[in-house]
Amino acid sequence: MKLAYFAWVRERIGLAEEEVALPAGVGTVGDLIAWLKGRGENYAHAFESPETIRVAIDQEHVDHSEPLAGAKEVALFPPMTGG
C-alpha cells in the first residue's frame with residue numbers, strides 16, 4: 001500500500017511517501033495511525049495527536065473507522081484551512 005504524507009506530517013516523518021506491507025491486525029485507518037506511531041520517533045512525533053490527522057483513501061476523505069481493505073493509496077495530512 002502506498003502512504004502519502006503532506007505538510008507537517010511529511011516534514012516530521014521525513015518522507016513524502018512510502019510503500020508498506022501492513023501487518024495483521026491493521027484493518028482500519030485508526031489501526032494504521034496507531035501502527036505508524038510505533039515505527040520510530042519521527043512517526044511518533046507526526047502522529048502524537050492522532051485525532052487531528054485527516055485521511056483520504058484513494059483520494060476520498062474518510063473517518064478513522066474506515067476499513068483499509070482494497071485501498072491502494074492512503075494520504076495522511078493535518079487539518080486544512082482556507083477557502
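Glu17 has a relative accessible area of 47% in this predicted model, and because that value falls between the 20% limit for buried and the 50% limit for exposed, Glu17 counts as partly exposed. Its side chain meets that of Lys2 in a salt bridge, with N and O 3.3 Å apart. Since Glu17 belongs to strand β2 (residues 17-19) and Lys2 to strand β1 (residues 2-5), this pair ties together parts of the chain that are 15 residues apart in sequence.

Lys2, which is itself partly exposed at 25% relative accessibility, also forms a salt bridge with Glu73, where the closest N and O atoms are 3.4 Å apart. Here Lys2 in strand β1 is linked to Glu73 in strand β5 (residues 73-77), and these two residues lie 71 residues apart.

Another salt bridge joins the side chains of Arg12 and Glu48, with 3.7 Å between N and O. Arg12 sits in helix α1 (residues 7-13), while Glu48 is found in the loop between α3 (41-46) and β3 (54-57), so that the pair links distant parts of the chain, 36 residues apart. Arg12 is partly exposed, with a relative accessible area of 29%, and Glu48 is also partly exposed, at 45%.

The structure holds four salt bridges, among them the pairs listed here.

| Salt bridge | N to O distance |
|---|---|
| Glu17 and Lys2 | 3.3 Å |
| Lys2 and Glu73 | 3.4 Å |
| Arg12 and Glu48 | 3.7 Å |

Notes: Residues numbered from 1 in each chain as written. Predicted model: local features only at pLDDT ≥ 70, side-chain atom pairs only at ≥ 80, totals over all residues. Heavy atoms only, no water. Helix = DSSP H or I, 4+ residues; strand = E, 2+ residues; numbered from the N terminus. Buried < 20%, exposed > 50% of the residue type's maximum accessible area, 1.4 Å probe, protein only.
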